[in-house]
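Work through the exercises below with the sequence and coordinates at hand. Each task is followed by its solution.

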Amino acid sequence: MVSAEIEILITLLAKLPGLGPRSARRAVLHLIKRRESLAQPLTKAMGDVLENILTCSACGNLDTQDPCQLCTDPKRDATLICVVEDVADLWALERAKVFQGHYHVLGGTLSALDGVGPEDLNIPGLIDRVGNGGIKEVILATSATVDGQTTAHYLCDRLASTGVQVTELAHGVPVGGELDYLDDGTLGAALKARQPV
Amino acid sequence: MDWTDDGIVLSAKKHGETSSIVSLLTRNHGRHLGLVRGGTGKKTRGVLQPGNRIEARWRARLAEHLGTFSCEMKEAFTATVLRDPLKLAGLSSACAITEGALAEREPHQPVFEGLLALIGSLPQDDWPSAYVKWELGLLGEIGFALDLSSCAATGQNDQLAYVSPKSGRAVSLAAAEPYKNKLLKLPGFLLRPGAIGAPEDVNEGLVLTGYFLERNVFGHTNNGLPAARNRLTDRLRSKPTSKTCR
């Protein structure tokens, strides 16, 4: 017989990505066994995140301050904006440490199937940022999917009147990729985007 | 139950954490849905992009079950148009219209062949004319054919220039004169097999097919024509400036 409190916790944990009822049960037992070393710090960390995390009004990133640390960092190039679909994409670029400009999180992509239109995304914020001046280049880092590229083309049209240079990420052979295992589409895109050596 | 068929991906919607519910237009089984396990994974996600031609194997215990698809890429059409905004809009629109217009599990082989031909024609510059003709053919296949053989008023078949929005029948230039503001324009290229329309003719053709698609097929939905179709119309109207980006 499992107590109601534990049952509620199992039910809630089972809703997390990657967890089902069985793994949630294991996680709860693990948390109870390590009450002081894991459960209490976890509770505190979750409370802190819920209490302090804000959505940056400029770029849409998640941080404890608004504007976020990326937007207020003087070492970053404020003339570059990289447009990403979600905060997870922003984190991926930050992990790679390859971009030193500012970001803009759209919050998704245009999707006819899911009924997501331009008004549901953070597009007006991007147009305003670019319209305020001081931006030299907007990099569209949306997915290489139909929805991702439809969004990129839409943004390109919206930004055309601002005169700002609009670029997008290249599509091609990934590092460590073997041609034999690549799909036809990626191979075609890579061949089209070839560069002189 | 188990069958293998040639299919074109119309849409893929995430289901759970790793699976997708995929809608395919198949040659012999019509528009058919099925679950693809691991459909959101990086190996399969690229295959399930709308417009790709795949070989699909469907399995289910009973015919009325959703069933599962296993898909293998035959032709990666989508990747070839991803960077072209107009062609991507055309592909998305064709898939969205097919998805919304066809009943599930009702074979429509002419629509499949037409969509395959349309997608295959996207690399050519005259694909917008083919697109309008495909929509016209789709209307006919699902029971809302326009009668463009002769004038509804006079019975003559020369100088057909308009279509009645009520009956869907062609009207000649002379007979249409008193009511031409209430009629839909009939671009000439729709009357000649293999003919290619000028950009303004294509736009008129899209207005014509769009009217009947909206009234007869998408009228029951609150949103009217799919957003992808409206984006295509907007892009074709602003075609001269649409390629200036990037």
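The model is predicted: local features need pLDDT of at least 70, side-chain atom pairs count only at pLDDT 80 or more, and totals for chains, interfaces and linings use all residues. Residues are numbered from 1 along each chain as its sequence is written, chains are lettered from A in the order in which they are written, and side-chain values use heavy atoms, without hydrogens and water.

**Exercise 1.** Describe the interface between chain B and chain A.

Step 1. Contact means heavy atoms within 4.5 Å. On chain B 23 residues touch 29 residues of chain A.

Step 2. About 2100 Å² is buried between chain B and chain A, with 57% from carbon and sulfur atoms. Buried area is the accessible area (1.4 Å probe) lost by two parts on being put together, summed over both.

Step 3. Between chain B and chain A there are 2 salt bridges, a salt bridge being a side-chain nitrogen of Lys or Arg within 4 Å of a carboxyl oxygen of Asp or Glu. Arg83(B) pairs with Glu168(A), with 3.3 Å between the closest N and O atoms.

**Exercise 2.** Find the salt-bridge partners of Asp6(B).

Step 1. Asp6(B) meets Arg27(B) at 2.8 Å, N to O. The two residues are 21 residues apart in the chain.

Step 2. Lys74(B) also forms a salt bridge with Asp6(B), at 3.5 Å between the closest N and O atoms. This pair is 68 residues apart.

How values were computed
Helix = DSSP H or I, 4+ residues; strand = E, 2+ residues; numbered from the N terminus.
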